Every structure is written in structure tokens, then in C-alpha cells.
Amino acid sequence: MNARHALATAAAAASVIALSLVAAAPAQAAEYSSALKIKGVQYDAPGKDSNKCSGGNTKNEYLTIKNYSRTSTVNLKGYVVKDAVGNKFTFKASHYLQPGDYVSLRGAHGTDSDAKNVVYRQNCNFIWNNDKDTIYLYKPTGARADVHSYTKKSNDRDGNGYITYHG
């Protein structure tokens, strides 16, 4: 009887420990739960960098944001993209991403298009550094939706200026 009681007590203690470990899961997992995530970034536009509004190549620097939800459509209005030093872009107009859909946030001036999945920053300056940077995506509530840091040496092995984060 005592051996059986000891085994039952040990099993109950193990269950309590296991439940405690589950309850202590990191809180940041909830902070980053978002349908929208950074799919990839063309941080180094092909060619020689030129931020001239006419004839420059800032439109070839872009960030791809994808809706990874299987069921929910997400409105980008109010979402914010920032870099490590605080340069930011806020989606001011409604732009709806269906499940599995994406948008390319491009530099330069242009016409936003839901059909072509593109939004322009209306700014001819580059936002992403060619050597290293951090990309932040914030929800309209201010909660962080996604974040990625990169260095050219570590993350862009083929040297094409594009890094993929989420497939």
C-alpha cells in the first residue's frame, strides 16, 4: 500500500510540475501572435543606390507583408513599419489583405493598388540599411506584430539584397 501511495504521490507531483511549466510559457508568444508577418525584404535595391525621385531606384527597395491567416481578412490601416533608428511608415488608408495575400511596401512615389498588391511610402529616401537593420511591424493598437534583425553577412548568403523570413 505504501509503495502504491508513494507512486501516486510522485505522479501527482509530476503533473503539478508539468502544469506549472505550461503556465510559465513565455508571454512574448502572445505579443507576436498576428496574422500579418514580414515575409521578406529587398533591403538593398539592385543597382547603384539613388534616392532621386525621378530616375532613382528606391521603388526597388521593398518590404513584403503577408496575411498568414487561413480565414481572416486584415485591414492594414493603422499598421506601422519602423527601422532600428525610428524611420517609420504608417498605413493611413485601408488596404485589405485576404487570407494568404500580401502587399509590397515600396519606396518612392507611386499609386497604391490593391490589384497589384503595392503601397508606396511616398518618400524617395531609402529606409533599410544595406549592411544591417531591424524591421518592426506594429499593429494599430501599438502591439508588436513581428520583428526581424538582419546583417548582410549573416542573412544574405547569395548577396542579392533580398532576405526571406516567413515562407
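Where is glutamine 122 found? In this predicted model, glutamine 122 sits in the loop between strand 8 and strand 9 (132-138).

Glutamine 122 has a phi near 55°, a positive value in a residue other than glycine. With a relative accessibility of 38%, glutamine 122 is partly exposed, because that class lies between the buried limit of under 20% and the exposed limit of over 50%.

Asparagine 117 also takes a positive phi, near 55°, and is likewise a residue other than glycine. Its place is the loop between strand 7 (102-106) and strand 8. Asparagine 117 has a relative accessible area of 12%, so it is buried.

**The disulfide**

How many disulfides does a search of the whole structure find? The search returns one. It is formed by cysteine 53 and cysteine 124, whose sulfur atoms are 2.1 Å apart. The link of cysteine 53 and cysteine 124 is right-handed, with 120° about the S-S bond. Cysteine 53 lies in the loop between strand 1 (36-42) and strand 2 (62-67), and cysteine 124 in the loop between strand 8 and strand 9, so the pair ties together parts that are 71 residues apart in sequence. The loop that holds cysteine 124 is described in the same terms as that of glutamine 122, between strand 8 and strand 9.

Cysteine 53 is exposed, with a relative accessible area of 55%. Cysteine 124 is buried, at 5%.

The table gathers the accessibility of the residues discussed so far.

| Residue | Relative accessible area | Class |
|---|---|---|
| Cysteine 53 | 55% | exposed |
| Asparagine 117 | 12% | buried |
| Glutamine 122 | 38% | partly exposed |
| Cysteine 124 | 5% | buried |

**The largest pocket**

Which residues are the closest to the centre of the largest pocket? The pocket itself holds about 190 Å³ of space. It is lined by 13 residues, and those closest to its centre are Phe89, Lys92, Ala93, Asp112 and Val119. Two strands, strand 5 (88-90) and strand 8 (118-120), each supply at least two residues of the lining. By type, the lining residues divide into five nonpolar, four polar and four charged.

How values were computed. Residues are numbered from 1 along each chain as its sequence is written. This is a predicted model: local features need pLDDT of at least 70, side-chain atom pairs count only at pLDDT 80 or more; totals for chains, interfaces and linings use all residues. Side-chain values use heavy atoms; hydrogens and water are left out. On a 1 Å grid over the protein atoms alone, a cavity is a set of points where a 1.4 Å probe fits but cannot get out, and a pocket is an open set with protein on both sides within 12 Å along at least five of seven lines; lining residues have an atom within 4 Å of a point. Grid points are joined across faces, edges and corners, and a volume is the space filled by probe spheres set on the points. Helices (H or I, at least four residues) and strands (E, at least two) are DSSP runs, numbered from the N terminus. Ala, Val, Leu, Ile, Met, Phe, Trp, Tyr, Cys and Pro count as nonpolar, Asp, Glu, Lys and Arg as charged, and the others, Gly among them, as polar. Buried means under 20% relative accessible area, exposed over 50%, partly exposed in between (1.4 Å probe, protein chains only). A disulfide is a pair of cysteine sulfur atoms within 2.5 Å.
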